Amino acid sequence: MKTTFLELSEEFCDKEKSRFHIVPVPYEGTVCFASGTVHGPEAILNVSDQIEHFDEETFCEFYRAGIYTHSTIEPATTPELEMEKIEDYIDRNQLFRPDRFPIFLGGEHSISAPIVRQAIRRYPDLSVLQFDAHSDLRNTFSPGGKFSHACVMRRILETNAELVQVGIRSFSQADLIECPKQVDHFITPAKLEDNWAGSLQSILDRLTQNVYITFDMDALDLSIAPGVGTPEPGGLSWRQTNQILREVCCSKNIIGADVVETLPQPHSNITEFTAVRLIAKMMTWTTQKANFRQSSR
């Protein structure tokens with residue numbers, strides 16, 4: 001079992017000097033269908049050293065900014081205690097500060113709510129960019145009640161963060177009744193296909209300058225992310241996703257991210273590899289945005 005992201009030499013994984021901080025959070029306390037996301041962080045770490053440490057678009061070695069991997073935040077016995085445990089860990093380790101970019105590996109999506117609560121204390125104007133197949137806007141859902149993974153974006157809305165939702169293709173009637181503004185602003189895969197430029201501009205216009213990214217792997221097409229707990233057809237392509245991430249990372253201040261809901265499959269590592277590449281792309285675009293802007297002129 002690998003314990004660090006990319007398995008770098010000590011020179012590039014010093015805790016104080018590293019810009020990127022990987023935090024495994026293998027919590028799975030409220031799943032309502034297939035279980036196994038508790039093993040997602042470990043599976044991602046296990047394959048991470050198999051990708052190239054060199055970005056094919058920017059010709060940069062993104063890892064040179066430093067990548068420190070934290071010890072696992074062990075799961076708590078109840079959803080309430082888990083949320084408190086995550087917030088306490090973030091606070092004690094000062095993960096949200098200008099020289100650090102934390103990336104949390106889930107586990108189920110419920111972990112994003114306490115992360116955002118901590119982030120918004122440092123960045124009051126924070127907006128959240130969610131990639132997901134599902135809206136996660138229910139007020140309560142069993143198991144887990146208001147702490148369910150199906151309610152995580154409703155909890156984030158309660159922080160007053162602007163929420164931009166991309167890839168949504170599954171939501172409830174209650175979402176439409178209780179959160180009509182959010183439903184009206186969904187950037188669905190169909191909207192992206194019908195009006196790419198307009199949809200991308202809408203994403204950028206609605207985000208504030210400081211942005212937190214939460215990425216549920218079921219946002220993606222099943223061909224590149226089959227290992228998820230609640231699969232939905234019609235997901236985002238790799239190229240669509242990378243282009244959105246590039247534009248957002250190069251025009252906004254991304255203060256952190258999470259990648260959640262990877263459910264390892266017995267005979268396939270596709271989802272884990274895709275997750276690692278997503279993380280590498282976020283690292284690349286956030287460190288190379290000045291160079292990218294200059295080369296695009």
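Biologist: Which residues does F5 touch, not counting residues up to four places away in sequence?

Modeller: In this predicted model, F5 touches I22, I44, L45, S48, I67, T69, V276, I279 and M283, where contact means heavy atoms within 4.5 Å. Residues are numbered from 1 along each chain as its sequence is written, and side-chain values use heavy atoms, with hydrogens and water left out. Because the model is predicted, local features need pLDDT of at least 70 and side-chain atom pairs count only at pLDDT 80 or more, while totals for chains, interfaces and linings use all residues.

Biologist: And which residues touch the most other members of the largest nonpolar core?

Modeller: That core has 52 residues, and those that touch the most other members are F5, L129, F131, V166 and I213. A nonpolar core is a set of buried Ala, Val, Leu, Ile, Met, Phe, Trp, Tyr and Cys residues joined through side-chain atoms within 4.5 Å, and buried means under 20% relative accessible area with a 1.4 Å probe and protein chains only. Helix α10 (residues 270-295) gives the most to this core, with eight residues. Another core, of 34 residues, lies apart from it, and includes V116, L137, L163 and V260.

Biologist: Switching to helix α8, which of its residues are buried?

Modeller: In α8 (residues 196-206) the buried residues are S199, L200, I203, L204 and R206, and they pack against β4 (127-131), β5 (162-166), α6 (180-184), α7 (189-194) and α9 (238-251). Helices (H or I, at least four residues) and strands (E, at least two) are DSSP runs, numbered from the N terminus.

Biologist: How many cavities of 30 Å³ or more does a search of the whole structure find?

Modeller: The search finds two, a cavity being a set of points on a 1 Å grid over the protein atoms alone where a 1.4 Å probe fits but cannot get out, with lining residues having an atom within 4 Å of a point. The largest cavity holds about 40 Å³ of space, and its lining has four nonpolar, two polar and three charged residues, among them R117, K146 and F147.

Biologist: What lines the second largest cavity?

Modeller: I51, E52, F54, D55, F62, R277, A280, K281 and T284 line the second largest cavity, and its volume is about 30 Å³.

Notes:
Buried < 20%, exposed > 50% of the residue type's maximum accessible area, 1.4 Å probe, protein only. 1 Å grid on protein atoms, 1.4 Å probe; cavity = no way out; pocket = protein on both sides within 12 Å on 5 of 7 lines; lining within 4 Å. Points joined across faces, edges and corners; volume = space filled by probe spheres on them. Nonpolar A, V, L, I, M, F, W, Y, C, P; charged D, E, K, R; others polar.
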